[in-house]
Amino acid sequence: MEAVSKKEVKSAKGKKKGQSSASPKLAVKEKNAKTNTASCTVDPPKPEQIQPGSDEYSAARVELIRNFRGHFSSYIIPCFVASGETSDQKQPGHLKYSPFNCLYLEVHCPAVAPPLLVISNNGQSTVSFGDVALGQTVMKKITLQNISTEILELRSSLLNPHGPFLLMNALRPLQPADTYTLLISFAPDDSQTFYEKLEIHTVKASLTLSITGRGLTPTLNCSVEGGKLDMGYVLVNESSATTFKIQNTCSLEVKYNIWLDSLSLSKHKAQQALPSFLTPQKEPSHTVGIQNISGLSVFSVSPIEGIIGPNKSHEINVTFSPDHESLHYMDTLRVQLFDKQVSHVIKLEGAARKHLMFLKGGDPLDVSDESLSSIPLHDNTTTEMETQVKTVLVTLKSKQTEDIFTTAARELQVGCIKTSQSPAKKNVEFFFDNLHPLQQKGFSFDPIKGSVDPGHKRSIHITWTPPAGYDANHIQTTPIQLTLKGDVIEIYKIILSTVVTPE
């Protein structure tokens with residue numbers, strides 16, 4: 001008994017020692033297991049936090065469908081049979097029945113995984129094109145995958161042949177685990193929301209794609225009023241620049257291009273029409289006027305293309321660089337949207353002089369076609385204060401009511417070109433000669449003399465009231481001389497043509 005008790009004590013002591021030596025390792029393992037368990041714990045979202053249609057929801061749904069292996073459910077539904085008339089007319093349909101008069105309906109409900117799955121766009125089966133400008137075509141890619149173990153023969157339903165949606169590629173058989181990308185285009189032709197369904201059929205199931213998009217009319221506002229941009233007067237071989245803005249007023253990005261008619265491939269064909277002075281009864285058809293002799297564009301624009309974000313604006317720079325004297329520089333600028341629709345047409349005009357001063361106004365006496373006008377010979381031996389004589393026609397029309405004549409008025413402008421050069425005389429002076437005889441004929445000039453600073457213009461108002469005893473049956477002409485003094489002296493012979501018309 002003592003020996004047995006001693007052995008038990010020894011074994012107990014040995015066991016305690018073994019347990020005490022192994023307990024630190026077990027403690028570490030248990031601690032690591034608890035740590036791993038804690039780190040792998042995932043808190044599921046609450047039901048109110050799940051948003052159907054979100055990217056996370058669609059991705060989780062695709063993953064569940066991919067791992068779904070199918071199951072079979074069977075349900076037995078007892079159907080009790082009753083006959084006769086209802087005892088209570090207020091509650092029709094309630095009849096007494098016997099539990100022994102019963103039929104049992106067994107319903108089999110197999111659930112299988114779909115053979116075809118959308119794997120692009122987080123598995124969403126809705127293809128949204130968003131807002132697209134009219135006339136623009138946008139492409140979308142939808143990737144399908146065969147998640148079954150069989151070869152799938154794909155067929156599709158028909159889209160509206162007159163609608164904006166189009167399936168761009170043909171379907172083909174799809175091997176197990178293979179993918180196939182559908183190309184769908186959207187080209188709206190009306191400002192409205194479009195919606196269609198495209199069904200991809202297999203032998204066992206169908207996949208429905210919802211396609212939606214909205215067409216919008218792109219709109220740009222231009223800061224140029226009246227469709228005309230006058231660059232003013234510039235010295236020959238110098239340049240002037242100005243800017244205008246185009247603003248995107250719609251909710252989508254707008255791509256624009258800027259074209260000049262002088263650089264168009266159809267320019268030569270368009271210029272084969274008769275000049276405008278030969279067909280005064282028609283609208284002028286020419287969109288391009290005098291150009292540089294050097295062959296370089298007299299008007300240049302930058303940038304020539306760009307993309308304007310919603311409610312944003314771009315600044316367009318226009319530069320006028322003439323290389324010879326002419327009053328009829330002209331070009332046409334066109335703002336084109338998405339390489340198709342012309343949004344704005346702007347007429348560019350400019351004039352070039354060899355000297356600082358210019359006189360603007362009067363009736364046209366020359367033609368805008370340079371080939372039909374005389375080209376003056378330039379003499380490099382002329383003096384600095386060279387005198388030039390030019391003719392300007394001003395027609396004044398008065399209306400007669402019984403014996404009363406209305407006052408006719410016209411306006412001329414004297415200007416001084418601002419230049420980067422530094423001539424000895426910067427401003428321009430002007431004055432009329434011998435006004436007394438004209439004042440007796442009813443003419444009035446305001447002012448009769450003055451000066452103009454560089455970069456400015458000054459108006460000269462000419463009025464005429466027929467004097468007593470004026471013969472209204474004849475057109476009379478009266479000349480007057482206007483002198484401009486700048487870097488040279490220019491003398492303008494102004495012919496005042498007076499006409500009286502009945503009221």
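1. Start at the hairpin of β18 and β19. Three residues sit between its strands, and Phe-338 has a positive phi near 55 degrees. This is a predicted model, so read every value here as computed from it. One of the pairings sets Met-330 against Glu-349 in β19.

2. Strand β18 also has a partner in β14. The β14 strand spans residues 254-260, runs antiparallel to β18 and is joined to it by 5 bridges. Across this pairing, Trp-259 stands opposite Arg-334 of β18.

3. Asp-339 and Lys-255 form a salt bridge, with 3.8 Å between the closest N and O atoms. Asp-339 belongs to the loop between β18 and β19, and Lys-255 to β14, so the contact ties together parts 84 residues apart in sequence. Asp-339 is partly exposed, because its relative accessibility is 43%. Lys-255 is partly exposed as well, at 34%.

4. How many salt bridges does the whole structure hold? The search finds 10. Side chains of opposite charge can pair when their charged atoms come close. One of the pairs is Asp-131 with Arg-214, whose closest N and O atoms are 2.8 Å apart. This pair links distant parts of the chain: Asp-131 is in β4 (residues 126-133), Arg-214 is in β10 (residues 206-216), and 83 residues separate them. Asp-131 is partly exposed at 30% relative accessibility. Arg-214 is partly exposed at 34%.

5. Look next at Arg-410 and Asp-363. Their side chains meet in a salt bridge of 3.2 Å, N to O. Arg-410 is in strand β23 (residues 408-416), while Asp-363 is in the loop between β20 (357-360) and β21 (387-401), so the pair ties together parts 47 residues apart in sequence. Arg-410 has a relative accessible area of 24% and is partly exposed. Asp-363 is partly exposed at 22%.

6. Glu-349 has already come up as the bridge partner of Met-330.

7. On the cysteines, the disulfide count is 0. A disulfide is a covalent bond between the sulfur atoms of two cysteines. Is Cys-250 buried or exposed? Cys-250 is buried, because its relative accessible area of 9% falls under the 20% cut-off. Cys-109 is partly exposed at 31% relative accessibility.

8. Last, the second largest pocket. Its volume is about 420 Å³. The lining has 21 residues. Which of them lie nearest the centre? They are Ala-113, Pro-114, Pro-115, Ser-148 and Thr-149. By class, the lining of this pocket has 12 nonpolar, 4 polar and 5 charged residues.

Conventions
Residues are numbered from 1 along each chain as its sequence is written. This is a predicted model: local features need pLDDT of at least 70, side-chain atom pairs count only at pLDDT 80 or more; totals for chains, interfaces and linings use all residues. Side-chain values use heavy atoms; hydrogens and water are left out. On a 1 Å grid over the protein atoms alone, a cavity is a set of points where a 1.4 Å probe fits but cannot get out, and a pocket is an open set with protein on both sides within 12 Å along at least five of seven lines; lining residues have an atom within 4 Å of a point. Grid points are joined across faces, edges and corners, and a volume is the space filled by probe spheres set on the points. Ala, Val, Leu, Ile, Met, Phe, Trp, Tyr, Cys and Pro count as nonpolar, Asp, Glu, Lys and Arg as charged, and the others, Gly among them, as polar. Two strands pair if DSSP finds at least two bridges between them. Helices (H or I, at least four residues) and strands (E, at least two) are DSSP runs, numbered from the N terminus. A salt bridge is a side-chain nitrogen of Lys or Arg within 4 Å of a carboxyl oxygen of Asp or Glu. Buried means under 20% relative accessible area, exposed over 50%, partly exposed in between (1.4 Å probe, protein chains only). A disulfide is a pair of cysteine sulfur atoms within 2.5 Å.
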